[in-house]
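Have the structure open while you read.

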Amino acid sequence: MTIEIRSLHDSFGAEVIGVDLSRPLDAEEFATVHRAHLDHGIILFRDQELTPAQHKAFSRRFGPPEIHVVSWYRLPDHPEIIVVSNKKGAEGKPLGLEDAGRYWHSDMSYLPTPALGSILYAVEVPPTGGATMFASMHAAFDALTPERKESLSKMRAVHHFGSRWYREKDKAGIRPPMTKEEEEKTPPVDHPIIRTHPENGRKSIYTGGFTMGVVGMAQDEALEFLDDLDAFMTQPQFVYTHEWRAGDVVFWDNRCTMHHATVYDAQKHTRHMHRTTIKGDKPF
Ligand code: OGA
Ligand code: MN
């Protein structure tokens with residue numbers, strides 16, 4: 001079957017039609033999907049049905065998995081998969097993280113080598129709400145003035161997982177504290193605010209929900225600076241909102257896009273997703 005690529009938004013995003021991700025892609029299919037991913041930043045596949053093993057196999061074609069630092073929401077027997085869900089198991093124990101990603105962020109930007117991409121598979125979705133917004137950090141970079149490109153290129157931001165975890169914990173009151181081991185594994189790191197994509201050479205503004213400071217800037221000033229940058233990057237012309245259907249698989253590039261989960265009525269409806277994450281490189 002020939003593969004069709006259909007654009008989702010003016011500046012980024014595409015639907016890839018004619019691929020069954022449950023089967024190994026041949027070399028030509030893989031090359032088309034890989035190209036689409038690099039060209040569009042996020043790619044959508046509809047009507048998929050994936051076992052955890054099939055999901056992991058597709059993910060591995062793009063690189064080794066990055067295991068999430070927080071252990072309790074990994075899928076049992078499949079540590080490469082994290083569960084984003086409001087479902088409860090035995091004794092009311094949550095099966096996954098219900099309030100994942102409700103702020104603009106790029107996955108695992110807090111690691112010395114942040115994630116290349118993430119592949120989120122919608123198993124069950126609510127009839128309304130629970131969309132995911134995506135922003136093109138590359139389109140935002142392109143819209144900067146030459147002076148601002150120049151000044152941001154000299155700056156580095158500090159990324160820290162724990163600061164975000166505790167902020168979300170205070171907000172929704174459903175997250176447990178991190179373990180000491182998890183905290184020790186995620187010290188603050190810094191990355192350039194303008195990063196160059198290692199595969200297509202394009203530049204992006206690389207900040208977001210895990211950035212908690214700017215190197216050499218007073219903390220108050222840095223938080224205001226990062227908030228302003230966030231507001232700039234998430235203007236409507238840079239944002240695509242994905243309304244999920246069960247069976248959707250979205251593969252996003254964390255090196256040039258951010259995303260933001262939105263709320264839904266978790267008392268009435270179920271939203272259950274599986275995510276793999278692919279290891280990336282040190283930003284430059
Ligand atoms: C994620 C995430 C967003 C969502 O899985 O990385 O941020 O809408 N999820 O579930
Ligand atoms: Mn995320």
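Asp107 sits in the loop between β5 and β6; strands here are DSSP runs (E, at least two residues) and helices are DSSP runs too (H or I, at least four), all numbered from the N terminus. Before going further, note that this is a predicted model, where local features need pLDDT of at least 70, side-chain atom pairs count only at pLDDT 80 or more, and totals for chains, interfaces and linings use all residues. Residues are numbered from 1 along each chain as its sequence is written, chains are lettered from A and ligands numbered from 1 in the order in which they are written, and side-chain values use heavy atoms, with hydrogens and water left out.

**The metal site**

What coordinates the manganese ion (ligand 2)? His105 (NE2), Asp107 (OD) and His259 (NE2) do, at 2.1 to 2.2 Å. Donors are N, O and S atoms within 2.8 Å of the metal (3.2 Å for Na, K and Ca), and water is not among the atoms, so sites may look incomplete. Along the chain, the donors of this manganese ion (ligand 2) follow the spacing H-x1-D-x151-H.

Is Asp107 buried or exposed? Asp107 counts as buried because its relative accessible area is 3%, where buried means under 20%, exposed over 50% and partly exposed in between (1.4 Å probe, protein chains only). His105 is buried as well, at 4%.

**Salt bridges**

A salt bridge means a side-chain nitrogen of Lys or Arg within 4 Å of a carboxyl oxygen of Asp or Glu. How many turn up in the whole structure? The search finds 18 salt bridges. Here are some of them:

| Pair | N to O distance |
|---|---|
| Glu4 and Arg6 | 3.2 Å |
| Arg255 and Glu199 | 2.9 Å |

In the Glu4 and Arg6 pair, Glu4 is partly exposed at 38%, and Arg6 is partly exposed at 44%. Turning to the Arg255 and Glu199 pair, the two partners lie 56 residues apart, Arg255 in the loop between β14 (249–253) and β15 (257–261) and Glu199 in the loop between β10 (194–196) and β11 (203–205). Arg255 is buried, with a relative accessible area of 3%, whereas Glu199 is partly exposed at 38%. Elsewhere, Arg164, Glu168 and Lys171 are joined into one network by salt bridges that share partners.

**Backbone angles**

Most residues other than glycine have a negative phi. Met108 has a positive one, near 60°, and this residue lies in the loop between β5 and β6. Asp77 also has a positive phi, near 70°, and its place is the loop between β4 (74–75) and β5. How do they differ in cover? Met108 is buried, at 3% relative accessible area, while Asp77 counts as exposed because its relative accessibility is 74%.
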